[in-house]
Amino acid sequence: MFILESKAQLEKAIAKAMKVRIQVKFIAFGVYSVKGSQGKFYTVSCKRIGNQKIVECSCLGADKGLVCYHAAGALSLHIGLARQRQTT
Ligand SMILES: [Zn+2]
C-alpha cells in the first residue's frame, strides 16, 4: 500500500507498465485486476480517505510500500474514469 502524492511518483512505474504491456481489467470503480508480466493477476484498489489517495496492490512490492507498475497501470485507467465522472 502506498499513498499517492504526485504523478511524478508514477512515472517510472507507468513506463514499465507500458513496456511489459500489462492488461488492466475493470472490476468496479476503484477496483481493478491487473495481469502482471508473469501472467499472474493482481488486484489493485484505489480509494480516497480524506485528502489522501490510498493505492493497494496485492503484489509483494506494494506490500513493502513500493509504487508497482500494476498500481500505475490501474491508476492511469482509474484517473481517466474519475475525470469522466467529474464531468458528467
Ligand atoms: Zn503490484
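How many bridges join β2 to strand β3? In this predicted model, in which local features need pLDDT of at least 70, side-chain atom pairs count only at pLDDT 80 or more, and totals for chains, interfaces and linings use all residues, the count is 5, and β2 and β3 (residues 31–35) run antiparallel. Residues are numbered from 1 along each chain as its sequence is written, and side-chain values use heavy atoms, with hydrogens and water left out. Strands (E, at least two residues) and helices (H or I, at least four) are DSSP runs numbered from the N terminus; two strands pair if DSSP finds at least two bridges between them. Within this pair, A28 is placed opposite V31 of β3.

The open sheet consists of 5 strands in the order β1-β5-β4-β3-β2, with antiparallel pairing. Because β1 (2–4) and β2 (23–28) stand at the edges with a single partner strand each, one side of each lacks a neighbour in the sheet.

The largest pocket holds about 400 Å³ of space. A pocket is an open set of points on a 1 Å grid over the protein atoms alone, where a 1.4 Å probe fits, with protein on both sides within 12 Å along at least five of seven lines; lining residues have an atom within 4 Å of a point. Grid points are joined across faces, edges and corners, and the volume is the space filled by probe spheres set on them. The lining comprises 18 residues, with R48, K53, H78, I79 and A82 nearest the centre of the pocket. At least two lining residues come from each of β4 (41–49), β5 (52–57) and α3 (69–87), and α3 gives the largest share, 6 residues.
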